[in-house]
Amino acid sequence: MGSNPTVSAKNTIKEIADERSKGLRKIDETCKDNRKCQKRDDQKARFLREEISHDYPDPAEEDQGKIMSIIVAGDIHGNFAFLNQVLNSHKKITMVLQCGDFGWWPRAHGKIFASGLNDFIKFDNYSLKNKDVKIFWCPGNHEDWEELIKLESENKWEIMPNVFYMPKGSTMDLPDGRKVLFMGGGLSIDAKDRIPRSGAFGWFWEETITQKDIEELPDEKIDIVISHTAPNEFVIPDYHAEYGHDPSRDALSYVLEKYKPPRWYFGHMHQFCKGIYNECKWIGLSSVGGFPGRWWVPLE
Ligand SMILES: [Fe+2]
(Lines give C-alpha, C1' and ligand atoms only; values in the text may rest on other atoms or scores of the structure.)
Protein backbone atom coordinates (compact mmCIF):
# COMPACT_ATOMS: atom_id res chain seq x y z
CA MET A 1 0.00 0.00 0.00
CA GLY A 2 1.29 3.46 -0.79
CA SER A 3 0.84 4.94 2.65
CA ASN A 4 2.18 8.33 1.69
CA PRO A 5 -0.29 10.46 -0.25
CA THR A 6 0.42 11.74 -3.72
CA VAL A 7 0.15 15.44 -3.16
CA SER A 8 0.09 18.28 -5.64
CA ALA A 9 2.20 21.33 -4.91
CA LYS A 10 0.15 24.25 -3.64
CA ASN A 11 0.90 27.88 -4.31
CA THR A 12 0.73 30.81 -1.96
CA ILE A 13 -2.52 31.91 -0.34
CA LYS A 14 -2.61 35.00 -2.58
CA GLU A 15 -2.26 32.89 -5.73
CA ILE A 16 -4.91 30.48 -4.56
CA ALA A 17 -7.25 33.39 -3.73
CA ASP A 18 -6.81 34.84 -7.21
CA GLU A 19 -7.36 31.45 -8.78
CA ARG A 20 -10.41 30.93 -6.64
CA SER A 21 -12.24 34.04 -7.75
CA LYS A 22 -11.50 33.23 -11.38
CA GLY A 23 -12.08 29.55 -10.85
CA LEU A 24 -15.47 29.63 -9.24
CA ARG A 25 -16.86 31.58 -12.17
CA LYS A 26 -15.31 29.05 -14.51
CA ILE A 27 -16.81 26.13 -12.59
CA ASP A 28 -20.24 27.72 -12.83
CA GLU A 29 -19.83 28.22 -16.57
CA THR A 30 -18.57 24.69 -17.07
CA CYS A 31 -21.46 23.43 -15.01
CA LYS A 32 -23.96 25.18 -17.25
CA ASP A 33 -22.25 24.14 -20.46
CA ASN A 34 -21.04 20.63 -19.89
CA ARG A 35 -22.34 19.08 -16.78
CA LYS A 36 -26.00 19.63 -17.39
CA CYS A 37 -26.74 20.85 -13.88
CA GLN A 38 -29.84 22.43 -15.33
CA LYS A 39 -31.10 18.91 -15.93
CA ARG A 40 -30.90 18.05 -12.28
CA ASP A 41 -34.67 17.85 -12.01
CA ASP A 42 -34.76 15.28 -14.82
CA GLN A 43 -32.10 13.29 -13.02
CA LYS A 44 -34.14 13.42 -9.86
CA ALA A 45 -37.14 12.09 -11.74
CA ARG A 46 -35.07 9.20 -13.08
CA PHE A 47 -33.54 8.54 -9.72
CA LEU A 48 -34.67 5.36 -8.07
CA ARG A 49 -36.31 6.73 -4.98
CA GLU A 50 -36.21 3.39 -3.24
CA GLU A 51 -32.44 3.51 -3.37
CA ILE A 52 -32.49 6.37 -0.87
CA SER A 53 -32.56 5.04 2.62
CA HIS A 54 -33.53 6.70 5.82
CA ASP A 55 -33.20 3.43 7.68
CA TYR A 56 -30.72 3.13 10.46
CA PRO A 57 -30.13 -0.61 10.73
CA ASP A 58 -28.33 -2.13 13.65
CA PRO A 59 -24.66 -1.94 12.63
CA ALA A 60 -23.92 -5.39 14.04
CA GLU A 61 -26.67 -6.90 11.90
CA GLU A 62 -25.96 -4.93 8.77
CA ASP A 63 -22.22 -5.52 8.91
CA GLN A 64 -22.45 -9.27 9.25
CA GLY A 65 -20.40 -10.97 6.59
CA LYS A 66 -18.67 -7.77 5.50
CA ILE A 67 -14.93 -7.38 5.74
CA MET A 68 -14.36 -5.17 8.73
CA SER A 69 -10.70 -4.36 8.21
CA ILE A 70 -11.38 -0.97 6.58
CA ILE A 71 -14.13 1.39 7.67
CA VAL A 72 -15.28 4.79 6.41
CA ALA A 73 -16.24 7.42 8.97
CA GLY A 74 -18.27 10.64 8.74
CA ASP A 75 -17.81 13.90 10.66
CA ILE A 76 -15.95 13.66 13.97
CA HIS A 77 -15.48 17.36 14.92
CA GLY A 78 -12.64 16.55 17.28
CA ASN A 79 -14.74 14.13 19.37
CA PHE A 80 -12.12 11.41 19.01
CA ALA A 81 -13.49 9.34 21.90
CA PHE A 82 -16.22 8.08 19.54
CA LEU A 83 -13.66 6.74 17.08
CA ASN A 84 -11.54 5.32 19.90
CA GLN A 85 -14.58 3.40 21.08
CA VAL A 86 -15.21 1.90 17.62
CA LEU A 87 -11.57 0.89 17.21
CA ASN A 88 -11.56 -0.59 20.68
CA SER A 89 -14.62 -2.75 20.08
CA HIS A 90 -13.72 -3.86 16.53
CA LYS A 91 -10.19 -5.18 16.73
CA LYS A 92 -10.13 -6.32 13.10
CA ILE A 93 -10.13 -2.73 11.85
CA THR A 94 -6.77 -1.82 10.35
CA MET A 95 -7.67 1.35 8.46
CA VAL A 96 -10.10 4.27 8.66
CA LEU A 97 -10.96 6.55 5.75
CA GLN A 98 -12.56 9.71 7.15
CA CYS A 99 -14.77 12.12 5.21
CA GLY A 100 -13.76 15.49 6.70
CA ASP A 101 -14.72 17.68 9.66
CA PHE A 102 -12.10 15.56 11.35
CA GLY A 103 -11.51 18.39 13.82
CA TRP A 104 -7.93 19.46 13.23
CA TRP A 105 -7.71 22.33 15.71
CA PRO A 106 -4.19 22.21 17.19
CA ARG A 107 -4.46 25.87 18.23
CA ALA A 108 -7.37 24.94 20.50
CA HIS A 109 -5.47 22.07 22.14
CA GLY A 110 -5.42 22.32 25.93
CA LYS A 111 -7.99 25.11 26.06
CA ILE A 112 -11.05 24.87 28.29
CA PHE A 113 -14.50 24.93 26.68
CA ALA A 114 -18.02 24.89 28.11
CA SER A 115 -19.79 21.59 27.59
CA GLY A 116 -23.29 21.99 28.94
CA LEU A 117 -24.49 24.35 31.63
CA ASN A 118 -21.93 23.66 34.34
CA ASP A 119 -19.54 21.32 32.58
CA PHE A 120 -16.20 22.24 31.12
CA ILE A 121 -13.82 20.16 29.07
CA LYS A 122 -10.16 20.56 28.18
CA PHE A 123 -9.90 19.99 24.43
CA ASP A 124 -7.34 17.35 23.48
CA ASN A 125 -6.52 17.38 19.75
CA TYR A 126 -4.18 14.41 20.20
CA SER A 127 -6.50 11.99 22.01
CA LEU A 128 -6.83 9.44 19.21
CA LYS A 129 -5.90 5.97 20.39
CA ASN A 130 -5.45 4.36 16.99
CA LYS A 131 -2.13 2.57 17.71
CA ASP A 132 -1.50 0.50 14.55
CA VAL A 133 -4.73 1.52 12.81
CA LYS A 134 -3.98 3.86 9.92
CA ILE A 135 -6.32 6.83 9.64
CA PHE A 136 -6.57 8.87 6.41
CA TRP A 137 -8.74 11.98 6.56
CA CYS A 138 -9.73 14.65 4.08
CA PRO A 139 -10.52 18.20 5.20
CA GLY A 140 -14.04 19.47 5.90
CA ASN A 141 -15.32 22.96 6.47
CA HIS A 142 -14.80 22.66 10.22
CA GLU A 143 -11.02 22.53 10.43
CA ASP A 144 -8.37 25.10 11.15
CA TRP A 145 -7.46 25.80 7.52
CA GLU A 146 -4.50 27.98 8.45
CA GLU A 147 -3.01 24.93 10.14
CA LEU A 148 -3.84 22.76 7.10
CA ILE A 149 -2.09 25.22 4.78
CA LYS A 150 0.91 25.09 7.06
CA LEU A 151 0.95 21.28 6.83
CA GLU A 152 0.72 21.47 3.03
CA SER A 153 3.54 24.03 2.77
CA GLU A 154 5.73 21.77 4.92
CA ASN A 155 4.73 18.59 3.02
CA LYS A 156 3.69 17.18 6.36
CA TRP A 157 1.06 14.49 5.98
CA GLU A 158 1.48 12.24 9.03
CA ILE A 159 0.14 14.62 11.68
CA MET A 160 0.27 11.99 14.44
CA PRO A 161 1.52 8.40 14.37
CA ASN A 162 -0.48 6.57 11.67
CA VAL A 163 -2.82 9.57 11.16
CA PHE A 164 -2.53 11.07 7.69
CA TYR A 165 -3.92 14.35 6.42
CA MET A 166 -5.06 13.86 2.80
CA PRO A 167 -5.44 17.21 1.00
CA LYS A 168 -7.81 17.84 -1.90
CA GLY A 169 -6.79 15.74 -4.90
CA SER A 170 -4.49 13.34 -3.03
CA THR A 171 -4.66 9.61 -3.66
CA MET A 172 -3.69 6.36 -1.99
CA ASP A 173 -3.73 2.67 -2.87
CA LEU A 174 -5.66 0.19 -0.76
CA PRO A 175 -4.16 -3.24 0.00
CA ASP A 176 -6.60 -4.78 -2.51
CA GLY A 177 -5.25 -2.53 -5.29
CA ARG A 178 -8.13 -0.07 -5.46
CA LYS A 179 -7.20 3.60 -5.70
CA VAL A 180 -8.84 6.16 -3.42
CA LEU A 181 -9.16 9.86 -4.26
CA PHE A 182 -9.59 12.26 -1.35
CA MET A 183 -11.47 15.40 -2.29
CA GLY A 184 -12.37 17.27 0.88
CA GLY A 185 -13.73 20.77 1.31
CA GLY A 186 -17.18 22.28 1.46
CA LEU A 187 -19.07 25.46 2.25
CA SER A 188 -19.89 26.23 5.90
CA ILE A 189 -23.55 26.87 6.51
CA ASP A 190 -22.53 28.55 9.79
CA ALA A 191 -19.96 30.84 8.15
CA LYS A 192 -21.89 33.94 9.20
CA ASP A 193 -21.53 32.93 12.84
CA ARG A 194 -17.76 32.59 12.60
CA ILE A 195 -15.26 35.41 12.41
CA PRO A 196 -12.92 35.07 9.41
CA ARG A 197 -9.41 33.92 10.32
CA SER A 198 -9.97 34.41 14.03
CA GLY A 199 -8.04 31.42 15.31
CA ALA A 200 -8.84 27.73 15.35
CA PHE A 201 -12.62 28.10 15.05
CA GLY A 202 -12.67 31.04 12.65
CA TRP A 203 -13.97 30.86 9.11
CA PHE A 204 -11.53 30.26 6.24
CA TRP A 205 -12.33 30.81 2.58
CA GLU A 206 -10.02 27.92 1.66
CA GLU A 207 -12.74 25.52 2.83
CA THR A 208 -14.36 25.14 -0.61
CA ILE A 209 -13.02 23.29 -3.66
CA THR A 210 -11.43 25.64 -6.19
CA GLN A 211 -10.83 25.55 -9.92
CA LYS A 212 -7.14 25.11 -9.12
CA ASP A 213 -7.96 21.95 -7.16
CA ILE A 214 -9.89 20.67 -10.16
CA GLU A 215 -7.10 21.46 -12.61
CA GLU A 216 -4.59 19.56 -10.46
CA LEU A 217 -6.62 16.36 -10.30
CA PRO A 218 -4.61 13.26 -11.21
CA ASP A 219 -5.23 11.51 -14.52
CA GLU A 220 -5.65 7.96 -13.32
CA LYS A 221 -8.38 5.45 -12.66
CA ILE A 222 -10.13 6.11 -9.38
CA ASP A 223 -12.14 3.39 -7.67
CA ILE A 224 -13.34 5.17 -4.54
CA VAL A 225 -13.86 8.85 -3.74
CA ILE A 226 -13.81 10.15 -0.17
CA SER A 227 -15.19 13.68 -0.01
CA HIS A 228 -16.71 16.01 2.56
CA THR A 229 -19.75 17.18 0.62
CA ALA A 230 -21.42 15.47 -2.34
CA PRO A 231 -21.84 16.01 -6.10
CA ASN A 232 -25.06 17.66 -7.23
CA GLU A 233 -26.16 14.38 -8.78
CA PHE A 234 -26.55 12.68 -5.39
CA VAL A 235 -30.02 13.51 -4.15
CA ILE A 236 -29.75 14.17 -0.43
CA PRO A 237 -32.97 13.77 1.55
CA ASP A 238 -33.86 16.90 3.56
CA TYR A 239 -31.09 18.95 1.96
CA HIS A 240 -32.03 22.55 2.58
CA ALA A 241 -31.77 24.94 -0.35
CA GLU A 242 -31.37 27.84 2.05
CA TYR A 243 -27.92 26.52 2.87
CA GLY A 244 -26.93 28.29 -0.32
CA HIS A 245 -25.05 27.26 -3.42
CA ASP A 246 -21.84 25.42 -2.64
CA PRO A 247 -19.39 25.53 -5.58
CA SER A 248 -17.71 22.48 -4.08
CA ARG A 249 -20.74 20.42 -5.11
CA ASP A 250 -20.31 21.57 -8.72
CA ALA A 251 -16.63 20.69 -8.52
CA LEU A 252 -17.51 17.23 -7.23
CA SER A 253 -19.96 16.80 -10.11
CA TYR A 254 -16.95 17.31 -12.34
CA VAL A 255 -15.03 14.70 -10.32
CA LEU A 256 -17.95 12.27 -10.72
CA GLU A 257 -18.02 12.83 -14.47
CA LYS A 258 -14.22 12.59 -14.84
CA TYR A 259 -13.66 9.36 -12.94
CA LYS A 260 -17.06 7.65 -12.85
CA PRO A 261 -15.97 5.85 -9.66
CA PRO A 262 -17.95 2.79 -8.60
CA ARG A 263 -17.92 3.88 -4.92
CA TRP A 264 -18.26 7.27 -3.21
CA TYR A 265 -18.48 8.19 0.47
CA PHE A 266 -19.11 11.63 1.97
CA GLY A 267 -20.16 13.33 5.24
CA HIS A 268 -21.03 16.99 5.87
CA MET A 269 -24.84 16.65 5.85
CA HIS A 270 -24.93 14.95 9.27
CA GLN A 271 -27.41 12.37 8.07
CA PHE A 272 -27.12 8.84 6.82
CA CYS A 273 -28.31 8.26 3.28
CA LYS A 274 -27.35 6.13 0.33
CA GLY A 275 -28.13 5.76 -3.33
CA ILE A 276 -26.91 4.75 -6.77
CA TYR A 277 -26.16 7.26 -9.50
CA ASN A 278 -25.49 5.50 -12.80
CA GLU A 279 -22.78 2.99 -11.80
CA CYS A 280 -21.71 4.83 -8.66
CA LYS A 281 -22.88 3.42 -5.35
CA TRP A 282 -22.76 6.26 -2.80
CA ILE A 283 -23.15 6.56 0.94
CA GLY A 284 -23.58 9.76 2.95
CA LEU A 285 -22.47 9.29 6.54
CA SER A 286 -23.87 10.96 9.62
CA SER A 287 -21.82 12.62 12.34
CA VAL A 288 -20.79 11.68 15.85
CA GLY A 289 -22.54 13.55 18.64
CA GLY A 290 -26.20 12.59 18.51
CA PHE A 291 -26.98 13.06 14.83
CA PRO A 292 -29.33 10.44 13.36
CA GLY A 293 -28.07 7.44 11.47
CA ARG A 294 -24.79 5.68 11.06
CA TRP A 295 -21.60 7.73 11.14
CA TRP A 296 -19.36 4.86 10.08
CA VAL A 297 -19.68 1.79 7.83
CA PRO A 298 -17.37 -0.97 6.61
CA LEU A 299 -15.83 -0.13 3.23
CA GLU A 300 -17.51 -2.08 0.45
FE1 LIG B 1 -19.76 18.67 10.17
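**Note on the predicted model**

1. Start with a surface residue. Tyr243 is exposed, with 12 other C-beta atoms within 10 Å. The cut-offs, using C-beta atoms placed from the backbone, are these: a residue is buried if 20 or more other C-beta atoms lie within 10 Å of its own, exposed if 12 or fewer, and partly exposed in between. Tyr243 sits in the loop between S10 and H7. Ser188 is 55 residues away from Tyr243 in sequence, yet the two are 8.6 Å apart in space, C-alpha to C-alpha.

2. Some ground rules. Residues are numbered from 1 along each chain as its sequence is written. The model is predicted: local features need pLDDT of at least 70, side-chain atom pairs count only at pLDDT 80 or more, and totals for chains, interfaces and linings use all residues.

3. Overall make-up. The protein has 7 helices and 14 strands. These are DSSP runs numbered from the N terminus: helices are H or I with at least four residues, strands are E with at least two. Of the 300 residues, 38% count as buried. Contacts here mean C-beta atoms, placed from the backbone, within 7 Å. Among contacts with a separation of 6 or more, 72% come from residues 24 or more positions apart.

4. The open sheet. Six strands run in the order S8-S9-S10-S11-S13-S12, with mixed pairing. Strands S8 (170-173) and S12 (273-277) are at the edges with a single partner strand each, so one side of each has no neighbour in the sheet. The twist averages 20 degrees from one strand to the next. Two strands pair if DSSP finds at least two bridges between them.

5. Pairing within the sheet. S12 and S13 (residues 280-284) run antiparallel and are joined by 5 bridges. Gly275 stands opposite Trp282 in S13. S11 and S13 run parallel, with 4 bridges. Here Arg263 has Lys281 as its bridge partner in S13. S10 and S11 (residues 263-266) are also paired in the parallel sense, over 3 bridges. In that pair, Ile224 stands opposite Arg263.

6. The nonpolar core. A nonpolar core is a set of buried Ala, Val, Leu, Ile, Met, Phe, Trp, Tyr and Cys residues joined through C-beta atoms within 7 Å. The largest one holds 57 residues, and Val72, Ala73, Leu97, Ile226 and Leu285 touch the most other members. H7 gives the largest share, 5 residues. Leaving out residues up to four places away in sequence, Ile226 touches Val72, Leu97, Cys99, Cys138, Val180, Phe182 and Tyr265. In soluble globular proteins, nonpolar side chains tend to be buried together.

7. Helix H4 (residues 80-89). Phe80, Leu83 and Leu87 are buried. The buried residues of H4 pack against strand S1 (70-73).

8. Two histidines to inspect. Most residues other than glycine have a negative phi. His77 has a positive phi, near 50 degrees. His77 lies in the loop between S1 and H4 and is partly exposed, with 17 other C-beta atoms within 10 Å. His268 also has a positive phi, about 70 degrees. His268 lies in the loop between S11 and S12. His268 is buried, with 30 other C-beta atoms within 10 Å.

Note on methods
Axes are lines fitted to C-alpha atoms, for helices over the stretch in contact, and angles run from 0 to 180 degrees between N-to-C directions. Two residues are in contact if their C-beta atoms, placed from the backbone, lie within 7 Å.
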